[in-house]
Amino acid sequence: MSSPRSTMSDSIREMYQFSVVDYCMFGGMLILSAACGIYYGFFKRSTNTSSSSSECEEEQDHLPEAGVPEKKPTNTFGSATIDEYLLGSRKLKAFPVAMSLLAGYISGVTILGTPAEIYNFGTQYWLIAVPILLMGVAVCTVYLPVFCSLKLNSSYEYLELRFNPYVRSMASVMFVINQMLFLPMVIYVPALAFNQVTGFNIYVIGAIVCVVCIFYTLLGGIKAVVFTDAWQVVVMFISVVVVVIIGTIALGGPGVIWDRAVEGGRIDFFNFSPSMYERQTFWAVLIGGFFYWTSYNAVNQTMVQRYMSLPNLKTAKFSIYMFVVGTAIFVSVCCYTGLLLYGKYYDCDPATVGLVTTSDQLFPHYVMESVGNLRGMPGLFIAGVFGAALSSLSVILNTTSGVLLEDILKGLFRVTPSSLVANIVVRGSVVVLGLAAMGCLFIVDKLDGILIVSATLAAIGNGTTGGIFTLGMLVPWSNTKGALAGGIAGALLSGWISLGSQFASAAGEVVPHKLPVSVDGCIAELITNTTIVNPIYPDESGVFPLYRLSYHWITPIGVTTVVLVGSIVSFLTGPRDLRYIDPELISPVVHRFLPRESFSYFGTANKGPTCVSEEMQTQTNIPVDSSAPYGTAANGQNGRVKAHN
């Protein structure tokens, strides 16, 4: 016989279920997403198959030769060319790309996980908005000018130009594996939320969403991804903000929420503890957050591909600034939502009385309980959560298919496919990756190991690739041996820390210290047969120190290890001769430290001719004769002479 408590919990869950209007809201989101794929795949595609490789060639591309008919699309299925499919012919606009960047990063995990983090551990994490803004400055100043100057299809192609193919392969393979393991997570978390409010089968709804995402990504390419992301981010922002506003008014205003948070010990912005073992401290959030966000947004192909879809450096910078401001605002709203949840449940914790089984279900449970009586509101919220999931999923599918073509097929295996084969590879990869994500849904909630491996590879990938790119752009004397040694050392150390901490946590040796909750305000039926005891945390002093580190420190340790080991090994094995290095491969912030002779090799590392625009000229602070072929430097030497590697 079921207990009164479980019966009461089931009754409460049954009270808050989706209505027809909610299902229509959710279905409308899926239909509109699919329509974007059809529109950009068939009705809004380019009619010119040539795309400019540099700004100097752009005007010529729009001037057809006399007597030569305008080129028509090479196929009748979706985007006309691979360049249009992957990069939108580098002619997208700043605002939709900024919204796509925001939508791609803000997944369902963020919408559901951030409020739970504030609810359980306090407001210290809210300071993440500061490193997000600083990250935007670092990306635009240090990394972005290099990618915009080189005009590459893949960020990892830079590693071959700067070092050699082995470094490129190491980073690109790590990226593909990481994304394949992350794909099912993107869908599983919002599917779990949907199950919480509807009782609908997790695997069925996950499969439906995957099919829709595969459809519009397959047809429309980066254009469909970007413009679908743009309106999806509006839906998810509106959905969260409306719920927050209604909830705040219902509780009596922000003052009541703040007072309850202060009383419950949730307000803590300045924990200056030097301990690296505490989950959230001022230093961990600022330093660790800056390294994590910069490593991801500066060099990860999911971000760089959309930077490269813009026509020039100025537009890309503008897009990134909009992205970081929007992200800081959205994350702040999610953090405030955590205080809202505590203000609602400060005297009756849903997890303690069994109304939710995981912290990620707190927000969906609150939505159904607080605004579930307003027809359409739960549907709008879940549509927003799934819009975030679709955005992340479509970006991963589109980006990973490009990496498989550019870095794996062309870079690793040295195969140069025809246009038809390239189309088949890219579009086939989208389908295979999407189907793989669907298949993994059946095991992701039954196999804890995949969660550990995924989290570990994410930490390894961010720290290692971020460190290698930083080494290449900011340490001019670094060489291939240094990059390989640094990359391997960073991957091993960050992997060791991440894996060790995951296993220590699974064994109960390291347990996050949540802030106290109460059930004093719960109705009697919910706390019947429930024994409320204060949690007893294990003595962690005997645990290996690296396994006790806050997760914020894993990425900084990885990046620092790569740069330090790479720099030292480069010195010991013979540093690069800076007189013969191509300055285009080095960040403009260190151009002033390069010997003047090196600028005679500007543009020689890239495979195609390089046009040095005025924009890049001001970045290098070296006079350039724009009338000379291929961007000859001021000393008169031809910029196309063979570079010394």
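Glu160 forms a salt bridge with Arg414, their closest N and O atoms lying 2.7 Å apart; a salt bridge is defined as a side-chain nitrogen of Lys or Arg within 4 Å of a carboxyl oxygen of Asp or Glu. This pair links distant parts of the chain, 254 residues apart: Glu160 belongs to helix 8 (residues 157-162), and Arg414 to the loop between helix 16 (377-412) and helix 17 (419-444). The model is predicted, so local features need pLDDT of at least 70 and side-chain atom pairs count only at pLDDT 80 or more, while totals for chains, interfaces and linings use all residues. Residues are numbered from 1 along each chain as its sequence is written, and side-chain values use heavy atoms, with hydrogens and water left out.

**Salt bridges**

- Side chains of opposite charge can pair when their charged atoms come close.
- The count of salt bridges comes to seven.
- Glu160 also meets the side chain of Arg168 in a salt bridge, at 2.5 Å from N to O.
- Glu160, Arg168, Asp407 and Arg414 are linked in a network of salt bridges.
- A further salt bridge joins the side chains of Arg306 and Asp229, at 4.0 Å from N to O.
- Helices here are DSSP runs (H or I, at least four residues), numbered from the N terminus.

- Arg168 is buried, with a relative accessible area of 5%; buried means under 20%, exposed over 50%, and partly exposed in between (1.4 Å probe, protein chains only).
- Arg414 is partly exposed, with a relative accessible area of 46%.
- Both Arg306 and Asp229 are buried.

**Cavities**

- There are six cavities of 30 Å³ or more, a cavity being a set of points on a 1 Å grid over the protein atoms alone where a 1.4 Å probe fits but cannot get out.
- The largest cavity has a volume of about 80 Å³, where volume is the space filled by probe spheres set on the points.
- The largest cavity is lined by 13 residues, and Asn178, Asn300, Gly461, Asn462 and Thr465 lie nearest its centre; lining residues have an atom within 4 Å of a point.
- Helix 9 (165-198), helix 12 (282-299) and helix 18 (448-474) are the elements that give two or more residues to this lining.
- Helix 9 gives the most to the lining of the largest cavity, with five residues.
- The lining of the largest cavity divides into six nonpolar, seven polar and no charged residues.
- In this division, Ala, Val, Leu, Ile, Met, Phe, Trp, Tyr, Cys and Pro count as nonpolar, Asp, Glu, Lys and Arg as charged, and the others, Gly among them, as polar.

Terms used
1 Å grid on protein atoms, 1.4 Å probe; cavity = no way out; pocket = protein on both sides within 12 Å on 5 of 7 lines; lining within 4 Å.
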